[in-house]
Amino acid sequence: MMQQQVTLLDELARRMGCAYLSDLHRQLGSSQFRACIFSMEPGKYPLPQWQEVVDYLLRGQAAPCPDEAAARLRLTQAEA
């Protein structure tokens with residue numbers, strides 16, 4: 001049986017101690033959230049997953065990110 005890989009969104013929720021994905025919205029802008037974003041291993045998650053996190057947490061209000069670094073920056077500069 002193949003084990004399903006954890007998505008970036010799920011990993012962020014786990015690391016931030018969120019019981020539900022929606023709880024991540026309250027973490028946006030916190031120093032703990034910024035540290036968590038920067039602690040993610042570069043290249044571990046594909047760009048579409050970074051874009052999924054940006055779209056989810058910024059509620060679709062952000063333009064597409066050209067790369068992982070841009071997604072990280074956008075997420076760490078966002079406020080709840």
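This is a predicted model: local features need pLDDT of at least 70, side-chain atom pairs count only at pLDDT 80 or more; totals for chains, interfaces and linings use all residues.

Trainee: Which residues touch the most other members in the largest nonpolar core?

Mentor: L12, L24, F33, W50 and L75, out of 23 residues in that core. A nonpolar core here is a set of buried Ala, Val, Leu, Ile, Met, Phe, Trp, Tyr and Cys residues joined through side-chain atoms within 4.5 Å. Helices α1, α3, α4 and α5 each supply at least two residues of this core. Helices are DSSP runs of H or I with at least four residues, numbered from the N terminus.

Trainee: Take W50. Where is it, and is it buried or exposed?

Mentor: W50 is found in helix α4, residues 47-57. W50 counts as buried because its relative accessible area is 0%. Buried means under 20% relative accessible area, exposed over 50%, and partly exposed in between, with a 1.4 Å probe and protein chains only.

Trainee: What does W50 touch?

Mentor: Leaving out residues up to four places away in sequence, W50 touches L8, I37, M40, Y45, E68, A71, R72 and L75. A contact means heavy atoms within 4.5 Å. L8 is 42 residues from W50 along the chain, with 7.0 Å between their C-alpha atoms.

Trainee: And F33?

Mentor: With the residues up to four places away again not counted, F33 touches M16, L24, Q27, L28, L57 and L75.

Trainee: How do α3 and α5 sit against each other?

Mentor: The axes of α3 (residues 31-39) and α5 (residues 68-77) come within 9 Å and cross at roughly 170°. That is why α3 is roughly antiparallel to α5, a label for angles over 145 degrees. Axes are lines fitted to C-alpha atoms, for helices over the stretch in contact, and angles run from 0 to 180 degrees between N-to-C directions.

Trainee: Which residues meet there?

Mentor: F33, R34, I37 and F38 in α3 meet R72, L75 and T76 in α5. By class, that contact has 4 nonpolar, 1 polar and 2 charged residues.

Trainee: Switching to α1. Which of its residues are buried?

Mentor: In α1, residues 8-15, the buried ones are L8, L9, E11, L12 and A13. Their cover includes α2 (24-27), α3 and α4.

Trainee: What about R15?

Mentor: R15 lies in α1 and counts as partly exposed because its relative accessibility is 33%. The side chains of R15 and E11 are joined by a polar contact of 2.8 Å. Residues up to four places away aside, R15 touches Q32, C36, S39 and M40.

Trainee: Where does the side chain of H25 reach?

Mentor: The H25 side chain reaches the backbone oxygen of Y56 at 3.0 Å. H25 lies in α2 and counts as buried, because its relative accessibility is 13%.

Trainee: Which residue has a positive phi although it is not a glycine?

Mentor: R59, with a phi of about 55°. R59 is found in the loop between α4 and α5 and counts as exposed at 58% relative accessibility. For background, most residues other than glycine have a negative phi.

Note on methods. Residues are numbered from 1 along each chain as its sequence is written. Side-chain values use heavy atoms; hydrogens and water are left out. Angles under 35 degrees count as roughly parallel, over 145 as roughly antiparallel, 65 to 115 as roughly perpendicular and the rest as oblique. Ala, Val, Leu, Ile, Met, Phe, Trp, Tyr, Cys and Pro count as nonpolar, Asp, Glu, Lys and Arg as charged, and the others, Gly among them, as polar. A polar contact is a pair of N or O atoms within 3.5 Å; within protein, one must be able to donate a hydrogen and the other to accept it, and residues adjacent in sequence count only if both atoms are side-chain atoms.
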